[in-house]
Amino acid sequence: MPETVLDLTLDGPALTAALVDHRSVSGEEKPLADAIEQALRLLPHLTVDRHGNNIVARTHLGRAERVVLAGHIDTVPVAENLPSRLDENGILWGCGTSDMKSGVAVQLRIAATVPEPNRDLTFVFYDNEEVAAHLNGLGHVADAHPDWLTGDFAILLEPSDAQVEGGCQGTLRVHLRTEGERAHSARSWMGSNAIHAAAPILARLAAYEPRRPVIDGLEYREGLNAVGIEGGVATNVIPDACTVVVNYRYAPDRSMEEAEAHVREVFADCGVSEFVVDDHTGGALPGLSHPAAAAFMAAVGGTAQPKFGWTDVSRFSALGVPAVNYGPGNALLAHKRDEHVAVAKITHCEERLREWLTA
């Protein structure tokens, strides 16, 4: 049994504070997963399943559409920013307030207070989003129980400042190696400098003009950048190897295969001796043309924005479920020591979702 029972009758801001005060750094989510599972099992209109520290709760009302509301329950390491603190300006401070326990609170509030939605609902609470991709709980559920994630449309309550952000970018990280020949630096002409050999790579990056494609009315901005460089043996040795680490953030109209092929083409004549893909995850199309997405946009208002960065909407896209990001937190505050969220945004997101699901 969990040490603390979650009270789902609390309003959104108070429930957010309760979730924040449940410390759940990646890898330590079990107590919070236990508490969420127990709270959801008290709701008779939901069936609840569990896989590891991942909780999935569903309605079975026979509606024409099914919508998935998903959020991760882990946080980055605490930075002396627990317990939570609510100030006089309606700002809730603490680790995970923005990313993304305020979004999880909205999920739980909808689960508890909308027993007969106009669409069937699936609620997903998963672990290990903030760490290596192979640990991601949503990925584990997708592999073990893909039927649990079946839906017509998904909303990931990641921080988006209460604005709809469509899809997400793909991310590719590659190691580009150049080679030379070692020599004493006093007799450099006897060797070949591998760091100097990396100059064409850096020049190509500096001159690169990224695409800005428009997809479903959203303009995505790509980026190809060096994010690390390693080379050198000693201060008196001409280096015989150098590695430039390059990160490509690409729009979701490109497949993973197309993205890799593009990067290989960019550096094809730059003297690269070895091209190693270190990490690669595809993007997700916005899906805003789907009828459920159009109805959702009409309900929440505002203007949809592209998602700059990668989120787990990509996993839903891989399952054939169009998805958007929509949550009360602010992505610019994620992982910061002074992480916080405006309680008005929590209430706003909850109200908009409730109106959409009961209209």
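Predicted model: local features only at pLDDT ≥ 70, side-chain atom pairs only at ≥ 80, totals over all residues.
Visitor: What percentage of the 359 residues in the protein is buried?
Guide: Buried means under 20% relative accessible area, exposed means over 50%, and partly exposed is in between (1.4 Å probe, protein chains only). The C-alpha trace of the protein spans about 80 × 45 × 40 Å along its principal axes. Among its 359 residues, the buried share is 53%.

Visitor: Of the contacts with a separation of 6 or more, what share comes from residues 24 or more positions apart?
Guide: Here we look at contacts in the protein with a separation of 6 or more. Residues 24 or more positions apart account for 77%.

Visitor: Is Ser102 buried or exposed?
Guide: Ser102 is found in helix H3. Leaving out residues up to four places away in sequence, Ser102 touches Thr16, Gly96, Thr97, Pro328, Gly329, Val341 and Ile346. Its relative accessibility is 0%, so Ser102 counts as buried.

Visitor: Which residues of H1 are buried?
Guide: H1 is mostly covered, with seven of its nine residues buried. Those buried residues pack against helix H2 (30-41), strand S5 (91-93), helix H3 (97-113) and H10. By name, they are Gly12, Pro13, Leu15, Thr16, Ala17, Leu19 and Val20.

Visitor: How are H1 and H10 oriented to each other?
Guide: Axes are lines fitted to C-alpha atoms, for helices over the stretch in contact, and angles run from 0 to 180 degrees between N-to-C directions. The axes of H1 (residues 12-20) and H10 (residues 343-358) come within 8 Å and cross at roughly 115°. Angles under 35 degrees count as roughly parallel, over 145 as roughly antiparallel, 65 to 115 as roughly perpendicular and the rest as oblique. H1 and H10 are therefore roughly perpendicular.

Visitor: Which residues in H10 do Gly12, Pro13 and Thr16 meet?
Guide: Gly12, Pro13 and Thr16 are the H1 side of this contact. Over in H10, they meet Val343, Ile346, Thr347 and Glu350.

Visitor: At the start of H1, which backbone nitrogen does a side-chain oxygen of Asp11 reach?
Guide: A polar contact is a pair of N or O atoms within 3.5 Å; within protein, one must be able to donate a hydrogen and the other to accept it, and residues adjacent in sequence count only if both atoms are side-chain atoms. The Asp11 oxygen comes to within 2.9 Å of the backbone nitrogen of Ala14.

Visitor: Which residue's side chain makes a polar contact with the side chain of Glu179?
Guide: Glu179 is found in strand S9 (residues 170-179), and with a relative accessible area of 48% it is partly exposed. Leaving aside neighbours within four places in sequence, Glu179 is in contact with Ala194, Ala197, Asp240 and Ser273. Its side-chain polar contact, at 3.4 Å, is with Arg177.

Visitor: And Thr150: which backbone oxygen does its side chain reach?
Guide: Thr150 sits in the loop between helix H4 (137-144) and S7, and at 48% relative accessibility it counts as partly exposed. Beyond neighbours within four places in sequence, Thr150 is in contact with Arg66, Val68 and Thr122. At 3.2 Å, its side chain reaches the backbone oxygen of Asp147.

Visitor: What is omega for the cis peptide bond that joins Asp99 and Met100?
Guide: Most residues other than glycine have a negative phi, and most peptide bonds are trans. A cis bond also joins Leu82 and Pro83, with omega about 0°, and Pro83 lies in the loop between strand S3 (66-72) and strand S4 (85-86). Met100, by contrast, is found in helix H3. For the bond from Asp99 to Met100, omega is about -5°.

Visitor: What is phi of Ala162 near?
Guide: Ala162 lies in the loop between strand S7 (153-156) and strand S8 (165-166). It is buried, with a relative accessible area of 9%. Phi of Ala162 is positive, in a residue other than glycine, and is near 60°.

Note on methods. Residues numbered from 1 in each chain as written. Heavy atoms only, no water. Helix = DSSP H or I, 4+ residues; strand = E, 2+ residues; numbered from the N terminus. Contact = heavy atoms within 4.5 Å.
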